[in-house]
Amino acid sequence: MPAVHNWQLGREMTYRYDPAYPKLQFAAVFNINRCIACQTCTMACKSTWTLSEGQDLMWWNNVETKPFGGYPRNWDVKALKLLEQSNPGKQTWSGKPGGPKDAPYGKFDGKTLFEAADGDQQVVSGYIPTDEEWTAPNIYEDTATAYPKQGVSLPEHSAWFFYLQRLCNHCAYPACVAACPRNAVYKRPEDGIVLVDQERCRGYRKCVEACPYKKSMYRPTTRTSEKCIGCYPRVEGSDPATEGLPTETRCMSVCPGKIRLQGLVQIGDKGVWKEDPKNPLYHMVHIEQVALPLYPQFGTQPNIYYIPPRWVPRPYLRQMFGPGVDAAIERYTNPSREMLGILQLFRASQQIVFSYELVKGPKVEEVVVDGKTREIFNDTVIGFDSKGKEIVRISVLEPFVERPGYLNSI
Amino acid sequence: MKWSKPAVLLVGALVIAGALAGLTGVRTATSQAVTLKAVAVADKPELNPDWATWVKIPSVDVQLTNQAVTYPKGGGTVPAVSLKAVHHENTLYIRASWKDQTENVPSIDMAAFTDAVALEFPGKSAVSVPSFCMGQPGSGVNIWQWKADAQAGAGSAALAKLYPNGYADSSGFPEELTKAALYQPAFGLGNPVARTDAAVQTLVAQAFGTLSAAAAQDATGAGMWRNGEWSVVFTRPFSAADGDQAEFAAGKNTNLAVAVWDGANGDRAGQKNVSQFVTLQLSGELVKAKSEDWGALWFGAILGGVLVVLGLAALGWAGVAGTAKERA
Ligand code: SF4
Ligand code: SF4
Ligand code: SF4
């Protein structure tokens with residue numbers, strides 16, 4: 001089997017195909033700390049793409065309450081168990097987070113799901129969830145680990161839950177692509193979006209079995225598998241509503257919690273992101289390392305990055321997002337001026353922001369966070385589209401507008 | 001010569017097994033050496049595994065093995081398939097039957113797989129005899145695949161049955177819209193797996209992973225599960241509309257391979273039971289379908305009976321000898 005470099009694991013790993021990378025890669029950062037679980041994202045996707053017969057149990061975007069919730073039921077526990085069974089007690093990391101961009105979180109010494117597979121019947125260790133597991137997508141909504149009499153406090157709450165927003169990760173090494181015996185699943189060279197060819201799919205469900213995130217789903221009425229299409233007509237700007245400009249997906253652009261920022265990042269050698277410090281996603285993932293991949297140990301090199309919830313016990317978060325969790329929470333809690341500026345870009349525009357610029361403003365406030373004094377500056381952040389044209393300009397402090405008095409007509 | 005007790009037991013068991021095989025008429029042969037003869041029949045055959053004339057047509061057994069050549073490997077639960085063939089007015093009919101204790105006709109269960117069977121022939125335009133492993137570039141194969149779930153028409157109707165109170169927003173849209181490529185892409189794009197009106201798909205391939213729909217979907221079929229056995233009849237005119245498909249002619253030989261999928265075993269794709277190519281011989285002249293060869297059967301029965309007696313005697317002797325030894 002060919003070897004590929006997985007930068008999220010800081011090492012080579014085996015994959016079914018030789019390395020091949022898109023020019024640009026679909027990616028997003030989700031700030032878990034801000035999600036209100038309104039499911040607007042879920043419904044935006046549902047009402048756009050999966051409203052038809054046979055797609056009844058399909059939720060390409062879903063928001064689940066961790067640690068008990070999961071769609072399909074216990075998907076992550078099951079994948080973690082497969083890894084643990086194939087490599088008991090050795091799913092560990094070495095080295096230190098904060099490393100270079102081809103190994104930013106140190107090195108994963110355990111096995112990926114590709115390495116745990118037998119290679120004969122499966123090239124990715126996996127399973128197919130049953131109908132029951134696909135029902136009740138929001139089971140255990142808002143269910144906490146405990147209900148203590150006293151309140152809870154930071155830095156780690158003793159009773160906790162959090163919302164995990166999920167869609168296809170349009171992985172760099174997609175398990176679904178590797179598993180399809182007839183190349184009906186493919187990754188687009190222009191934007192890395194992973195699609196199931198509905199003309200070629202024969203409903204074998206090898207992709208459903210293989211995807212650890214369970215984001216390839218079977219449609220029994222057409223007997224084919226379908227999955228999130230990354231709203232490619234919006235991303236490529238071919239949807240008439242985009243007026244030709246690369247636009248964020250449906251689930252991203254509707255988010256009232258302003259937790260989502262989606263874009264396209266440039267891919268260089270060995271699938272490592274090209275140096276692009278003015279791309280807000282690059283800045284958050286590689287410079288600040290504040291946003292982390294979901295279950296990097298699965299090995300697919302997923303492309304939705306999460307700012308971890310700062311109140312959740314760290315061992316749970318380290319299992320979910322890898323060893324970079326502690327530093328990420330520290331940087332999110334005490335953001336740099338750049339970071340605070342970038343956070344304003346979340347949901348400030350429907351068009352994809354390809355680069356940003358920070359214009360420094362005056363110091364406006366001093367706040368105490370975790371016993372540390374922090375200064376807030378009213379900087380202004382400007383977002384540019386793919387052609388370098390300004391599409392958004394927003395300041396850290398929301399402008400205060402006093403409405404002139406008027407006579408109420410009632 | 002002194003025989004040890006285990007050796008005698010083994011010989012006895014083998015003799016009995018052989019005799020029983022003789023009695024049940026199983027003809028074991030390596031796949032390659034098998035010839036399936038398609039005789040011409042005067043009456044138009046029915047597309048029905050129970051068509052009365054089938055009992056008069058001799059069968060051949062083709063051994064199947066697990067598919068162990070390419071990913072995804074699998075199968076191994078169906079050891080053999082029994083084949084019969086006839087032709088009538090330039091149309092070929094092939095009947096395949098195999099033992100399967102479970103009837104798997106999943107309707108909409110996402111984790112369940114269907115029972116299925118496929119016949120594979122060299123494509124008409126093949127420049128040489130193709131590999132029975134899905135052909136090779138330039139020498140493709142033509143595959144007719146029958147699936148239990150497709151025959152059941154599983155789909156919308158099955159969905160409504162399983163979830164009677166289920167509701168899909170699109171149900172309110174006019175039929176031409178919901179059946180269109182936009183809402184049912186696989187169906188709208190003509191992917192044969194999405195069809196609910198045909199149990200058999202006509203396919204072509206030129207290597208692993210290249211299986212695709214033939215331009216003309218002209219093979220048809222019907223299957224039935226009864227008492228732990230599937231029986232499926234396929235038919236297609238000798239000539240097909242497109243050149244990638246197989247071509248048949250009375251008096252000519254061609255090749256045939258079989259694959260069986262056991263849904264209960266999670267079989268699909270390459271996870272299947274496969275044969276190698278066997279010879280398919282289409283008889284030139286019209287022959288009256290012969291009744292079973294009673295002479296051969298009587299011979300088999302008598303020989304089998306004698307062998308059972310011999311085997312039992314051997315087992316008995318071993319038992320007596322053992323007891324005697326213990327006493328000594
Ligand atoms: S729309 Fe935004 S805030 Fe609402 S559930 Fe989705 S991600 Fe969370
Ligand atoms: S998340 Fe799953 S379906 Fe999406 S690209 Fe990765 S492996 Fe494929
Ligand atoms: S990117 Fe588009 S298709 Fe994918 S989950 Fe979001 S809305 Fe659905």
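User: Of the 14 residues around ligand 1, which come nearest?
Analyst: The ligand 1 shell, where a residue counts as near if one of its heavy atoms lies within 4 Å of the molecule, holds 14 residues. This is a predicted model, where local features need pLDDT of at least 70 and side-chain atom pairs count only at pLDDT 80 or more, while totals for chains, interfaces and linings use all residues. Residues are numbered from 1 along each chain as its sequence is written, chains are lettered from A and ligands numbered from 1 in the order in which they are written, and side-chain values use heavy atoms, with hydrogens and water left out. Coming nearest to ligand 1 are Cys35(A), Cys38(A), Gln39(A), Cys41(A) and Cys255(A).

User: How many nonpolar residues does the shell around ligand 1 have?
Analyst: For the classes, Ala, Val, Leu, Ile, Met, Phe, Trp, Tyr, Cys and Pro count as nonpolar, Asp, Glu, Lys and Arg as charged, and the others, Gly among them, as polar. On that basis, the shell around ligand 1 has four polar and one charged residues, and its nonpolar count is nine.

User: And how many nonpolar residues are in the shell around ligand 2?
Analyst: The residues around ligand 2 include Cys168(A), Cys171(A), Cys176(A) and Cys211(A), along with Asn169(A), His170(A) and Lys227(A). Two polar and one charged residues are in this shell, and the nonpolar count is eight.

User: What's the area buried between chain A and chain B?
Analyst: Contact here means heavy atoms within 4.5 Å, and it takes 39 residues from chain A and 46 residues from chain B. Buried area is the accessible area (1.4 Å probe) that two parts lose on being put together, summed over both. Carbon and sulfur atoms give 51% of the area, which comes to about 3,600 Å².

User: Which elements give two or more residues to the side of chain A that touches chain B?
Analyst: Polar contacts are pairs of N or O atoms within 3.5 Å; within protein, one must be able to donate a hydrogen and the other to accept it, and residues adjacent in sequence count only if both atoms are side-chain atoms. There are 21 such residue pairs across the interface of chain A and chain B, both residues at pLDDT 80 or more. Helices (H or I, at least four residues) and strands (E, at least two) are DSSP runs, numbered from the N terminus. On the side of chain A that touches chain B, the elements giving two or more residues are H3, H4, H5, S10 and S11.

User: How many salt bridges are there between chain A and chain B?
Analyst: A salt bridge puts a side-chain nitrogen of Lys or Arg within 4 Å of a carboxyl oxygen of Asp or Glu. One of them pairs Arg268(B) with Glu209(A) at 3.5 Å, and Lys73(B) pairs with Asp120(A) at 3.2 Å. The count between chain A and chain B is three.

User: Are Arg223(A) and Asp149(B) buried or exposed?
Analyst: These two form a salt bridge, with their closest N and O atoms 3.4 Å apart. Arg223(A) sits in the loop between S10 and S11 of chain A and Asp149(B) in helix H2 of chain B, so the pair joins two chains. Buried means under 20% relative accessible area, exposed over 50%, and partly exposed in between (1.4 Å probe, protein chains only). Both Arg223(A) and Asp149(B) are buried.

User: Which backbone nitrogen lies 3.0 Å from a polar atom of the Glu248(A) side chain?
Analyst: Glu248(A) is in the loop between H6 and H7 of chain A, and it counts as buried because its relative accessibility is 1%. Leaving aside neighbours within four places in sequence, its contacts include Arg234(A), Arg260(A) and Arg347(A). The backbone nitrogen at 3.0 Å belongs to Gln262(A).

User: Which side chain makes a polar contact with the Asp142(A) side chain at 2.5 Å?
Analyst: Asp142(A) lies in the loop between H3 and S7 of chain A and, at 36% relative accessibility, is partly exposed. Not counting residues up to four places away in sequence, it touches Thr65(A), Tyr147(A), Phe161(A) and Tyr163(A). The polar contact at 2.5 Å is with the side chain of Tyr163(A).
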